[in-house]
Amino acid sequence: MSPSPTDPAPIVIAGAGLAGLRTAEELRRAGYAGPLILLGDESRPPYDRPPLSKQFVRGETDDTTLRPPEFFAEKQIDLRLGTEAVGVDTAARQLKLADGSTLDYDQLIIATGLRPRRLPGLPELRGVHVLRGHADATALRAELADAATALVVGAGFIGCELAASFRTRGVEVILVEPQPTPLASVLGAEIGALVARMHTAAGVDLRCGTGLDTLLAEGDRVRGARLSDGAEVAADLVVIGVGSRPVTEWLADSGIALADPAAGGGVLADEVGRTSADRVWAVGDVAAWLHQTGHRKRVEHWTNAGEQARLTACALLGAAAPTVARVPYFWSDQYDVKIQALGTPAATDDVHLVTDDGRKFLAYYSQDGTLTGVVGAGTTAQVMKTRAKIAAGAPVAELLTPS
């Protein structure tokens, strides 16, 4: 599909998740009035993903749609669902679509997000799930209704949230994690141990330092698993939560520079989302942006999608960019506790545990004496008041010294 010679080519956003939607909104907010197409490979309009592992899978909400249909008509955003981009010719400025058609663009914004990793060599069985999209969550919720025992493989944020949701529903949970603690690779083992305490207190059978060997079946249905330590466990359903990878296969022959998969992969971009190809940008989970550290990395946080969308829209249109210092923020709801993080806490940082009452806690992270991040559970006010200190790169001693 191509515009007529008298029509301008549109800005096309490939990916109708949060980052794609926010970018479309920011383009309109910044004054762009030209043709704007938002392509989504799913049949559903853009929806919020964080509730899928929590309120949605527990059956507490049915709809996580981000915008009603009339919004797209009002903003003149041409939303095309069930339309997947499978290639791009950057010289011709043309997208190749899964149905064999093509779509010309003036500017292309890549926002194709992530796809769940799957463990190789496992048998294909009913009752085995991954969680990324609405269809995954719907299938999992349907089976959860009749499950007595669930095995969750991987104690990252998704695995921990699902374990908490399952226990809230009264399901017995076995949570398996090869690392020493939950979230160890993200927040370090010290804070991971506090998260582990929360799950064991809720009755989760937490097995760290252990992985999945294989699944056990009864017919074509999963009945349990054999773990890497040789133990066998029974389970009515299994969820594999071992991370995700950026959806970039469709760019393989495009000439657009991609990050090394060993370093997290993704589309390489500068500090405003500009890629190596003219008139091509990247935002959201798929984008490996240039950060203040001088390194390019992907940031898989909900708030990051909106911040990148604003910067990219301004840069694309030649408008002034926001000048407020960006401090990354993410959160995870587990049981009745909200775990929140500001900044860039890393497992390799020095950790300063400030408060811990047995359930709620607050910790500062630092490198070479400089505050890099704050992580808290049930301590929202204390976490949020550190934003300016993190943005300023304050010495961690300033926060540790009693006033």
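Helix 1 covers residues 18-29, twelve residues in all, and at 1.5 Å a residue it should span 16 Å; the expected span is 1.5 Å times one less than the number of residues. Its end C-alpha atoms are 16 Å apart, which agrees. The model is predicted: local features need pLDDT of at least 70, side-chain atom pairs count only at pLDDT 80 or more, and totals for chains, interfaces and linings use all residues. Residues are numbered from 1 along each chain as its sequence is written, and side-chain values use heavy atoms, leaving out hydrogens and water.

- Helices (H or I, at least four residues) and strands (E, at least two) are DSSP runs, numbered from the N terminus.
- Eleven of the twelve residues of helix 1 are buried, so the rest of the structure largely encloses this helix.
- Buried means under 20% relative accessible area, exposed means over 50%, and partly exposed lies in between (1.4 Å probe, protein chains only).
- The buried residues of helix 1 include Leu18, Leu21, Arg22, Glu25, Glu26 and Arg28.
- Among the elements that cover these buried residues are strand 1 (11-14), strand 2 (36-40) and helix 7 (302-317), where contact means heavy atoms within 4.5 Å.
- After helix 1 comes Gly31, which has a positive phi, near 105°.

- Asp62 pairs with Arg141 in a salt bridge, with the closest N and O atoms 2.8 Å apart.
- Asp62 sits in the loop between strand 2 and helix 2, while Arg141 belongs to helix 3 (residues 134-144), 79 residues apart.
- Asp62 is exposed at 53% relative accessible area, whereas Arg141 is partly exposed at 22%.
- Asp356 forms a salt bridge with Arg197, and their closest N and O atoms are 2.8 Å apart.
- Asp356 lies in strand 24 (residues 350-356) and Arg197 in helix 6 (residues 189-201), so this pair ties together parts that are 159 residues apart in sequence.
- Asp356 is partly exposed at 35% relative accessibility, and Arg197 is partly exposed at 27%.

**A salt-bridge network**

- Arg93, Asp106, Asp278 and Arg279 are linked in a network of salt bridges.
- Within it, Arg279 and Asp278 have their closest N and O atoms 3.9 Å apart.
- Arg279 counts as partly exposed at 28% relative accessibility, while Asp278 is exposed at 55%.

Conventions: A salt bridge is a side-chain nitrogen of Lys or Arg within 4 Å of a carboxyl oxygen of Asp or Glu.
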